[in-house]
Amino acid sequence: MDKPVSYLQKHGGITKGRVERFLTNGQWEKVNLNASLYEAQVSGKRNIELEAWSASGQERPTFAHAIKQSFASIETGHNFSPSWSSHWVRATLQIPVEFEGKEVRLHFDPSCEALVWSAEGEPLQGITGGGGDTKHIDFILTSKAKAAEPKRVLYLEVACNGMFGNGVGSLIGPPQENRKFALTKAELVVLNTEAWGLRHDFEIILAMAKHLPQNSSRAWQALATANEIVNIYKVGDRKSISDARAVSAKFLAAKGGDANHQVYAIGNCHIDTAWLWPYDETKRKIARSWATQVDYMDRYPEYLFAASQAQQFEWLQTLYPSLFKRVQEKAKIGQFIPIGGTWIEMDCNIPSGESLARQFLLGQRYFETNFGQRSKVFWLPDTFGYSSQLPQIVRLSGAKYFFTQKLSWNNINKFPHTTFHWVGLDGSSVLTHMAPANTYTATVSVEDVISSVGRHKDVAYSNESLFLYGNGDGGGGPLETMIERLKRMENVDGLPRVKHAHPNDFYEHVEKNASDLVSWKGELYLELHRGTYTSQANTKKYNRQAELLLRDVEFLSVVAQSIAAGFNYPAAELDRMWKDVCLNQFHDVIPGTSIEMVYKDTDKMYAKVIDKATHLKEDAVMALFSHIAAESVEEATGVLFVNTTGWQRTDVVAVSGIRSAGVQQVSQRDEAVLMLANTVPGCGVSIADISSVQGDSMAVPVSVFMDGRGCIVLENIYITASISCVSGNLVSLWDRRVERELIPQGKAGNIFCLHDDVPLYWDAWDIEIYNLEKFVELQADKVTIVDEGPLVASVCVEVVISEQSRLRQWISLSATSPRLDFDCEVDWHEVHKCLKAAFTWDISSDVATYDTQFGVVQRPTHRNTTWDMAKFEVCAHKFGDLSEYGYGVALLNDCKYGYSTLGNTMAISLLRAPKGPDANCDMGHHTFRYAVYPHQGSFNESSVVREAYQFNVPLVQLPVNFGTASVASKIAGIKPLFTVEGASNAVLDTVKKAEDGHDHIIVRLYESYGGRARATLSTSLKVARQAHFTNILEEPTDRITFVADTAGRMSAEITFKPFQIITVRLALRK
C-alpha cells in the first residue's frame, strides 16, 4: 500500500497534540518513547540493600560521625521525617551480571534532597528528589560494568527539606514542622542511550514547531519532522529509534547564518545563602550542587559553570576540603568560574556604603587568594534594587561589568534596556546586561533561547545576550538534559546561535563590537518588593548598630595601636565580624524575606558581633585612657567623651551608673545623668566634670509648659514644638530663628497611621500602592510631661494601636539643638498591618532628598508619570529631607529604611506584620528612634548629613577621676587625631588598618552633597610624607604627599568631584 499523503498544514493543531504525547508520562507512556528509555531496571534486596541511621533533632553530623552509628534496614516506602532532620542511608549495591559492558546508574528518590558519598568519605553528587522539572535522582555507578562486579557501598546523606525548604501549599508559606518524605525509588538501571538521544532531539524539534513563528516554513518543517519521527518509532524496535534519529539529525544539521543572534550560555545554580532554609542547610546545598556540576565537567569538557559568593566557597573549603580542591582544579582549566567579586550576593538597599565596600574587599581578596583571579563582573541576578553608588564602588573594586535580571520583575513600568551603560552618582560607568530571557534559572528550552532575541531591547546596538541556565534559588544547577539540549542548539537554522561561554567573553565582545549603547543614570529602582525596606525590623536595627559599632572599633583601634604601647589591632576579630555582618546582608536575609529559623540564627550572630565589638571598643579606649579612668563608674567625678565623627559637636549625653548628686539633670525615664558634652573636637576628645555648670558647659535651658490650648510645649532658643494632649500629634513647629511656622494650618506631624498591608502575593516582600488608600490615624490615649529641663525637656505619648498592640513615645528637645527627637517603644502583635509616622510640612518641592550609600538621591514628590508613581515607597538610610529654597526639614532615623513622600507629606515606615514566610515576623517588642531636624537653607546648604551621623553615632564615654589637675592637662594635650577642613561636604567615613598586614592606615572619605570640594586632611598621628590614593582593595593608584603644618600635624589637600569616594593609604612612621 502506498504511503498516504500528509495533510499536515490542514490539521496542524491536531498533529501538535499528537507529537506532544510522544514524550508525556501517564496515559500513553507504554506506547510512546518513554517505553524505550531503559534497557534494564532492577530493585530489591538482592541488588540494593538499604540501611538507615537518623540523627537527632536538627543535627547535621559529619560523614565520619555518621558511618560509626548503628544502621537499621529500610525499604522503599520508608518515610524520612521530621522537617530539617538528617538521615544517613547505607546502600550496598550488587550490579547484575547481565549489565556487563553497560553504563549503570543508581536511581534514588527520597522525595527530598540528598548527597551521595563514597565509602571513603568523598562527596560525589547531589540528589534532588520529588516531582517537577528540578528532579535529579540518578547517579552513575560505572560507565562500563564488569562481568563479575563486587558489591559497592555508598552512603546517602538525606536532608528532610525540598529544594525550596519545607513550605506546604505555597512556596512562601511558613515551613511545615513535621513534613514527611517518602523513599519512592531505589533501583539500578541501564539507559537506552539511543532512545535518550532521540528524546533530546525531539524536545528541540517539538519546541521549534510550537514556538517559532507559526507562519514560518521552519516551524512547519519542525512539525513535519516530529510527525515523521512518531511514524517511524516502534516500541521495542531498536532500529526504529536509530532510523528516527537519522531523521532528527538531518533536521538539526541545517545551520543558521553568521548574522543570527549569538547567545552566550553559562551554567549556574544561584544558591540563596539563606531563604526558605537556614544557613546550615545552605552549606550542604553547596556541596550537593557543586559536586554534581564538577561531575558534569568530567563528562562534558565543553561545559562551563559559574558560581558567586565567596562565603559559599569558604564554607566549602572548610567543610568539604576534598571537593573544594576539585573545584580549584576545574577553575584552573576554566570550567568552574568563580564570579561576582563580593562576599555574598547582597541586598543593595539596606547595607551602608562601607558595607558595600567590604563586600567587594572581602570577596575579591578571597577569590584572588584561592583562585588567583579577581572577578571583572559584578554578578547579582536577584536582588531588590540597585543603589546609585554601585557603579563607582564596582569600578573601585577592580570590576567593570554588571549582570542582573531582576528589573524584569517591575510591576508598573517595563525597564527599557537590556545592554547599556549604567552611570552612577559620580559619573562612573559599568557595562550592564540584563538577561533578556528574564531569568537566571533557564532550563535551556527553545522558548528560553528564542526569548533571548525577542525580549532583547537593545538588539539594534548589540546582537548578543547572556543566558543563565540551571535549577536555582535552592541550588542544584544544570541537569544533564539541559546540557544535551544546549549541545543540539549550538547552530540550528531557525534559532539563535548558542554556545558555552565565560561571562567575560560576552562582555568583552560587547565592549568591542556594540555600537551606540545608551546610558542610564542613577539608581536602578525595582518597582516591586518595597516592603523589604521595613520587614524584620530588628535585623535591620542590628545591622545598623553593627556597621557603626565596627566603624568605631576600627577607628579607636587604629589610634590605640598608633599611640598606646603594647596594643595590637584586632585584625582577625574584625575580619570575622565583618564577614558575619556581610553574610547577614544577603538579599533574602536583611530584606526580611526568610523563614523564622534564619532570624533566630542571625539574632545570635548579631548578638555575638555587638558584644564582641563592644568589648573591643572598650579595650581600645582603655588602652588610650586607662591612666585616667575611674576605678568604678560609681566613683567617677567626670566623663571623657571621644568623638569618632570628623567634625566638632555639642551633645546632651545620658550617662548611666554615675552618681547623681549635684548634677544638672537626671532623666526621669531611666535615671541616667544628663550631661553637656560641649564642643568635642572631630576625631578628638574632651572631658566634663559631672557637677560642673560653669562657663562653656552652660546652655540656655530648655523648657516645657502647657499653653492653655490643650498642648504641651517644648521650647529652646531654636524652636517651639507643640504636642496635642488629645491626639499626641505635633500640631505646631515654630522656628524661632526665622519666625516661621513649619506645619500648615489644620495639618500635623507625627501622625501614626495604621495601614492595611495585604500584597498581591509576596507577603514579606511587598507594600502595594493601594495600601496607602486604607488606613486609620491613631490617637493618643495619654500625654504627659516627663523631663522639665534644663538640658532636656520631654513628653510621653501613649497610644493604643489595637487590643493587642501598644506604643509609648518620648518626644524630647535638648537645650543645644533644633532637633526634635522621638524615642519609641512598641509592643506589636498585628496581622497584615503597616505602621507609619507621617509629617506634613509647609514646604513646596518637586523632589525629596534621601540618604544613600556615600551620597544622596533625589526622588519625585508627585505622581505625574507612572515612573514617578512607582516610587511611592522608597529606601533611605539615615534621613529623608524635604527642602525648598531657603529652608527645609529632615526626618532622621536610627534603624528605619522605608520612606514615602507625596506633596508636602513625608512618612516613615516603622513596622509591618506579614505572615509569610515567617509567620511571626516582627511580632514582639521594638525600640527605635526618629527625629525632625529643621534647617535654614536648602538641603545643599544644610548640615543634615552631619546631624544624621550624630543621631546614629553617639559620643564614646569613659568615666574618669576629674579631681586631679593632671587629668585635664593630659586631655588638653591630645590633639584631634584626624580633621577634614575647608569643605563641610567632605565626610570622613572610615579609618582602619590596611588588610595586607602592613603598618598602614586606610582613610575613606566621600563628597556628600553632589558638589566639588577642596579639603585638607590632617592627622596628629606620626605618618610618612609619602602616601597613596587607593581603590577599595587598598591598592595604590596615585601618590599624595603629606606635609607638616604649623600645628605639628601632617596634612594634605584633597580635591573631590561630586559624590566621589576617596581612599587614602597612610604609612605610620616607626
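This is a predicted model: local features need pLDDT of at least 70, side-chain atom pairs count only at pLDDT 80 or more; totals for chains, interfaces and linings use all residues.
Which residues are linked in a network of salt bridges? Arg60, Glu113, Glu157, Glu281, Arg284, Lys285 and Arg288 are. Residues are numbered from 1 along each chain as its sequence is written, and side-chain values use heavy atoms, with hydrogens and water left out.

**View A. Salt-bridge network.** Arg60, Glu113, Glu157, Glu281, Arg284, Lys285 and Arg288 form the network. A salt bridge here is a side-chain nitrogen of Lys or Arg within 4 Å of a carboxyl oxygen of Asp or Glu. The whole structure holds 68 salt bridges.

**View B. Arginine 238 pairs with glutamate 39.** Their closest N and O atoms are 3.3 Å apart. Arginine 238 sits in helix H5 (residues 238–252) and glutamate 39 in strand S1 (residues 38–42), so the pair ties together parts 199 residues apart in sequence. Helices (H or I, at least four residues) and strands (E, at least two) are DSSP runs, numbered from the N terminus. Glutamate 39 is partly exposed, at 31% relative accessibility. Buried means under 20% relative accessible area, exposed over 50%, and partly exposed in between (1.4 Å probe, protein chains only).

**View C. Aspartate 756 meets lysine 833.** This salt bridge spans 2.6 Å, N to O. Aspartate 756 lies in strand S33 and lysine 833 in strand S39 (residues 833–840), so parts 77 residues apart in sequence are tied together. Lysine 833 is partly exposed, with a relative accessible area of 22%.

**View D. Arginine 1065 pairs with aspartate 996.** The closest N and O atoms of this salt bridge are 2.5 Å apart. Arginine 1065 is in strand S57 (residues 1061–1067). Aspartate 996 is in the loop between strand S50 (986–993) and strand S51 (1000–1007), 69 residues apart from arginine 1065. Arginine 1065 counts as buried at 8% relative accessibility, while aspartate 996 counts as partly exposed at 36%.

**View E. An open sheet of five strands.** The order is S16-S17-S19-S18-S22, with mixed pairing. Two strands pair if DSSP finds at least two bridges between them. Strand S16 (377–379) and strand S22 (519–521) are the edges; each has a single partner strand, so one side of each lacks a neighbour in the sheet. Strands S17 (residues 401–404) and S19 (residues 429–434) run parallel, joined by four bridges. Tyrosine 401 has leucine 431 in S19 as its bridge partner.
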